[in-house]
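Visitor: I am new to this structure and would like a close look at one part of it. Please take me slowly through the nonpolar core and the strands around it.

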Amino acid sequence: SLSWYPLQDATTDVSGTYRISGLAPGEYKLKFTDNDGAYLETYYDGQKTFAAADPVTLTAGMTTTVDMALIQGGNIAGRVVDAETGDGINNTQVTINTLDYERSFYAWTEADGTYTSPALPSGGYVVNFEPPLPYFDETYDNLVTGYTPVWVPVIT
């Protein structure tokens, strides 16, 4: 049976090595996430989604080695402020959608109103802001309807 929920997490050491122990024999899908936000979240073997991920088969008594090369992504960053005072707005949810709305990424503002997205693939994005009351939701660039795409360049 194929596992669809996190059974166990592992963190890499400084050399990039990780180890997951104690899993029962079977098929599993692996997701690699960079908590520092520099590399794209990737499923094994280089897939963008869980559904497309290649399963890894574990056999009793055997060690299975899975190496993964992550791709560096770009980021969208900014500051959400009160239009009258210029003060940053804390706890605003920032939703970053691909132009086809097939993938979404999320960030939240800090106390000073700043935010940075997780690593993003190159391409165009629609950026929505959902601040706490009494503020209203908006889409970049200060639009209530429609949007101005934000472009993340190819990282070389």
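Guide: What follows begins with the core, moves to the hairpin beside it in the account, and ends with a few other residues.

This is a predicted model, in which local features need pLDDT of at least 70 and side-chain atom pairs count only at pLDDT 80 or more, while totals for chains, interfaces and linings use all residues. Residues are numbered from 1 along each chain as its sequence is written, and side-chain values use heavy atoms, with hydrogens and water left out.

A nonpolar core is here a set of buried Ala, Val, Leu, Ile, Met, Phe, Trp, Tyr and Cys residues joined through side-chain atoms within 4.5 Å, where buried means under 20% relative accessible area, exposed means over 50%, and partly exposed lies in between (1.4 Å probe, protein chains only). The largest such core has 14 residues, and those with the most contacts inside it are I76, V94, I96, Y115, L120, Y125 and V127. Two or more residues come from each of strand 6, strand 7 (104-108), strand 9 (123-130) and strand 11, strands being DSSP runs of E with at least two residues, numbered from the N terminus. Strand 9 gives the most to this core, with three residues. Leaving aside neighbours within four places in sequence, I76 is in contact (heavy atoms within 4.5 Å) with a set of residues including I96, Y115, L120, Y125 and V127. A second, separate core of five residues includes L30, F32, Y44 and V66.

Strand 6 and strand 7 run antiparallel and are joined by five bridges, where two strands pair if DSSP finds at least two bridges between them. I96 has F105 as its bridge partner in strand 7. These two strands form a hairpin with five residues between them, and Y101 in the turn has a positive phi of about 60 degrees.

By contrast, Y147, in the loop between strand 10 (138-139) and strand 11 (150-152), is partly exposed, with a relative accessible area of 37%.

Conventions:
Helices (H or I, at least four residues) and strands (E, at least two) are DSSP runs, numbered from the N terminus.
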